[in-house]
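Please look over the sequence and the structure shown below. The report that follows describes selected parts in running text, with one table.

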Amino acid sequence: MNEQLAAALAAEEAAIYAYGALGVKLTGKGDRIEARAAEAVHRGRRDALVSRLSRLKASTAPAPAAYELPFPVTDRQSAVKLAIHVEDGVAQAWRAVLPVTTEADRSTGLNALVDAAVRATRWRRLGEVTPVTMAWPGRP
Amino acid sequence: MVLTGRVRRRHLIGVAAGGALSATAPAGCGLFDDDPEPAPPDALQPLLDEALALAAAYDRAVLAQPGLAKRLTPLADDHRTHAAELARVIGKALPSGAPASGAPDADPAGSVAALRKAEQAAQKTAVVACRAAPAARAGLTGSIAAARAAHAEALR
């Protein structure tokens, strides 16, 4: 379980970084509100994971100071594309938590998976990317 | 191969007794009832029923309002994908090609709102199933819960 939670932490940290990088390229007010809300949610989950892993006495790698983005973010379109990419990645990390957890930890993982899938759909709609949903959120 | 001898013997008895009885035919013959009760329905059965019902509901909405096809068809396809996978995991065949039936909803806004409500209810079923699922089914049910939640978002 610790390994999967540590991977979820890495995904959340990457998401926080990505929202910082993509936020400046967003244009509409709706975009910016959504990005800020998403970043706050990812920060909240990052903090919860840090404290859960510390209670488990699990060691985690420090978050890198910077990340290489999967593609250049140069305009609104690529910014929204990165937001979708990030939420899909977060969903994958949390889905992997489900089989190795039960009870409260599984519920936490499920909530995070559901939230990431909903956010990815919202970004697809904002970016007019179709289809806006996928059959298996979080499945690699 | 350890069971071969026994199965063959049962089969032979079946043939002798009725001709049409196969080794696995369970019904109505106390002599061959090794399995006392039919298995209770699989815990995933409600999810499968909902996936099929939702796919059919989308089909009806599209029939009533062809203009919604582009928006709704991918969601119906997701449900059919879920149904196929759930049936595979449960180990049963899907009812073949159930066509859309029932009265189409004449009011498109009403029908989209009703679909959204149905997705939210179905999401709750999947969440409950995921929380109770054995490890091997946790990802499957979790992804279905997430997909249903995303569908509800797509219908906003």
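A:E128 sits in the segment after helix 4 of chain A. In this predicted model, the phi angle of A:E128 is near 50°, a positive value in a residue other than glycine. A:E128 is exposed, since 9 other C-beta atoms lie within 10 Å, and a residue counts as exposed when that number is 12 or fewer.

The segment after helix 4 of chain A also holds A:P131. The peptide bond leading from A:T130 to A:P131 is cis, and its omega is near -10°.

A positive phi is also found at A:E103, with a value of about 50°, although A:E103 is not a glycine. A:E103 belongs to helix 4 of chain A. With 8 other C-beta atoms within 10 Å, A:E103 is exposed.

**Chain A as a whole**

Chain A contains four helices and zero strands. Read from the N terminus, the order of its elements is α-α-α-α. The C-alpha atoms of chain A fill a box of roughly 40 × 35 × 25 Å along the principal axes. How does the radius of gyration of chain A agree with that of a compact globule? A compact globule of 140 residues would have a radius of gyration near 14 Å, and the 15 Å of chain A agrees with this.

Of the 140 residues in chain A, 40% are buried. Among contacts in chain A between residues at least 6 apart in sequence, 75% link residues at least 24 apart.

**Helix pairs**

| Helix pair | Axis distance | Crossing angle |
|---|---|---|
| Helix 3 (residues 76–95) and helix 4 (residues 103–126) of chain A | within 8 Å | roughly 160° |
| Helix 2 (residues 29–55) and helix 4 of chain A | within 12 Å | roughly 165° |
| Helix 2 (residues 45–64) and helix 3 of chain B | 8 Å | about 155° |

In chain A, the axes of helix 3 and helix 4 cross at roughly 160°. Helix 3 of chain A is therefore roughly antiparallel to helix 4 of chain A, as angles over 145 degrees count as roughly antiparallel. The crossing of helix 3 of chain A with helix 4 of chain A is left-handed. Helix 3 of chain A contributes residues to this contact including A:V80, A:A83, A:I84, A:E87 and A:W94, while those from helix 4 of chain A include A:G109, A:A112, A:L113, A:A116 and A:W123. By class, the residues of the contact of helix 3 with helix 4 of chain A are 13 nonpolar, one polar and five charged.

Helix 4 of chain A also meets helix 2 of chain A, and their axes come within 12 Å. Helix 2 and helix 4 of chain A are roughly antiparallel to each other, and helix 2 of chain A passes helix 4 of chain A in a left-handed crossing. On the side of helix 2 of chain A, the contact is made by A:G30, A:D31, A:E34, A:A38, A:V41 and A:R45; on the side of helix 4 of chain A, it is made by A:A112, A:D115, A:R119, A:R122 and A:L126. The residues of this contact divide into four nonpolar, one polar and six charged.

In chain B, helix 2 and helix 3 pack at an angle of about 155°. That angle makes helix 2 of chain B roughly antiparallel to helix 3 of chain B. Their crossing is left-handed. The contact residues of helix 2 of chain B include B:L47, B:L48, B:A51, B:Y58 and B:D59, and those of helix 3 of chain B include B:L72, B:T73, B:H79, B:R80 and B:I90. Divided by class, the residues of this contact are 17 nonpolar, four polar and two charged.

**Contact between the chains**

How many residues does the contact take from chain B and from chain A? Chain B gives 22 residues and chain A gives 22 residues. On the side of chain B that touches chain A, the elements giving two or more residues are helix 3 (69–90), helix 4 (108–132) and helix 5 (135–154) of chain B. Helix 5 of chain B supplies the largest share of that side, 14 residues. The side of chain B that touches chain A has 13 nonpolar, six polar and three charged residues.

Technical notes
Residues numbered from 1 in each chain as written. Chains lettered and ligands numbered in written order. Predicted model: local features only at pLDDT ≥ 70, side-chain atom pairs only at ≥ 80, totals over all residues. Contact = placed C-beta atoms within 7 Å. Nonpolar A, V, L, I, M, F, W, Y, C, P; charged D, E, K, R; others polar. Rg over C-alpha atoms; globule rule 2.2 N^0.38 Å. Buried ≥ 20, exposed ≤ 12 C-beta atoms within 10 Å, placed from the backbone. Axes fitted to C-alpha atoms, helices over the stretch in contact; angles between N-to-C directions. Parallel < 35°, antiparallel > 145°, perpendicular 65-115°, else oblique. Left-handed = near helix turned anticlockwise from the far one by under 90°.
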